[in-house]
Structure formats: structure tokens, C-alpha cells
Amino acid sequence: MTDTSLWSYEARRAGPAALALPLLAAGGIIAVSIAVSAAHQATTQGAGLTMVRLVADVLPVTVGLAAAAVLGRERLLEVQLSLPTPYPVTVRRRLGVLGVVALIAATAILAVLDAAGQWTHPAHGPLALLVPAGPAVLMAGAGAWAGARWQSAAAASTTVIGVWLGQLLVWDRFVGIWQLNKVLLAAVGAGLLVAALRRLSDTEQLLAGAGRDEQ
């Protein structure tokens, strides 16, 4: 299997619906941007604040929900564990595909907002990607960890929503320095991703969880 066919296969296994979530969020945010520009009713500062919040708050949660869906799609776990490729490697590839899709979505949004003069955040250029990327890594980590822990897309999605609300209502209120805020979120998310992959390498726990689901 060539590299291209391998990544195409993993993208299909990750699920078109899951991978479409960040792209749909990007399309929605861009549509709001166009609508605001066409209306000419909002001030530049007000419109910019709204668009920054959408990028920083809405896009990341779709990435987390997509990560939860990616892990929740695996139905033949026993077959997957019997394959030569370790299961954590397979999951890492699928999450990598999701990461690329999320990066494309974020880049497209920032390019449109910058061109429209609606990006009022102090971060510009490549550094601006940290604004959605920090929370997105956290949400993806939460979704992956919960998916590995409970082997349930519903439980993982609920965890992502809970973490998202905690970030918005608690974390963002107390950590006001945006660079520190986003970097710490990304660090916690990376830690959760590592923990998820380690849990997926424990065959006995995975099979025990699959057995409970079948009962």
C-alpha cells in the first residue's frame, strides 16, 4: 500500500462525517463574516470581537467532537487488534488526518477574516493559528482520551462538551494572557492524546471494555 492510498484509507476509516465537522464550522464562520461585511451595520471592532470568539470557541469544539467520533467508529475491535499494525498507530494516523483537516479549516478562516479586516486579535500571521489551535488540541485530547477510556462516542462527546464549557466559563476567565492560555491548553491536550494512545495499547483493557459493551 502506497503512502497516498494508506492515508486515503485512514481518512475513509476516520469517517467523512467526522472530518467534515471542522470544515462545516469553517464554512459557517466564513458565511457569518460575509454576512457581517454585507450588512455594514456592525463596527469593525465589534465585528472583529465576534469573529475572534467564533474562531477561538466554536471551531475547537468541532475538532473535539470529531476526535470522539473517530474513536467511536471502531466496531470490530478484536479484528483491529489482530492486525500487524498496532492499534495506537492506526488511531494516531486517523487523528493526524483530522489534525490536517482542522489546520486547513483554521487557515482558511483566518485568511478570510484578515482580508475582510475582521481579525482584531493581537496575534497575526502564523502565530494567529495558536488562537484556535490551543483549544482544539485540548478538545481533541479530551475526545480521544474519553473515547479510549469508555469506548463510547456518546460518552466521549459529552466529555468534550463538558471540557469546552469548563474552558469558556472558568479557564478563560482566570488566565487572561492569551499566549499562556493557549499554550497551556495545547500542552494539556497533548498530554491527553498521549494518555489515550497509551490506553489503546493495553489490549486486555480494550477487550474487557468491548466485552462489557456487548453484554
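User: How do helix α2 and helix α5 sit against each other, in terms of distance and angle?
Analyst: The axes of helix α2 (residues 16–39) and helix α5 (residues 87–116) come within 8 Å and cross at roughly 5 degrees. Axes here are lines fitted to C-alpha atoms, for helices over the stretch in contact, with angles from 0 to 180 degrees between N-to-C directions. Therefore α2 and α5 are roughly parallel to each other (under 35 degrees; over 145 is roughly antiparallel, 65 to 115 roughly perpendicular and the rest oblique).

User: Which residues make that contact?
Analyst: On α2 they include Leu 19, Leu 23 and Ile 30, and on α5 they include Val 97, Val 101 and Ile 109. Contact means heavy atoms within 4.5 Å.

User: Before I go on, what sort of model is this?
Analyst: This is a predicted model, where local features need pLDDT of at least 70, side-chain atom pairs count only at pLDDT 80 or more, and totals for chains, interfaces and linings use all residues. Residues are numbered from 1 along each chain as its sequence is written, and side-chain values use heavy atoms, with hydrogens and water left out.

User: OK, zooming out: how many helices and strands are there?
Analyst: The chain has nine helices and zero strands. Helices (H or I, at least four residues) and strands (E, at least two) are DSSP runs, numbered from the N terminus.

User: And how much of the chain is buried?
Analyst: Of its 215 residues, 39% count as buried. Buried means under 20% relative accessible area, exposed over 50%, and partly exposed in between (1.4 Å probe, protein chains only).

User: What about α6, is that enclosed or open?
Analyst: In α6, 15 of the 21 residues are buried, so this helix is largely enclosed by the rest of the structure.

User: What comes just after α6?
Analyst: Gln 151, which takes a positive phi of about 50 degrees.

User: How does α6 pack with α8?
Analyst: α6 and helix α8 (residues 178–200) pack at an angle of about 25 degrees, with their axes 7 Å apart. That makes α6 roughly parallel to α8.

User: Last one: where is Thr 62, and what does it touch?
Analyst: Thr 62 lies in helix α3 (residues 44–72). Thr 62 is buried, with a relative accessible area of 11%. Leaving aside residues up to four places away in sequence, Thr 62 touches Leu 21, Pro 22 and Ala 25.
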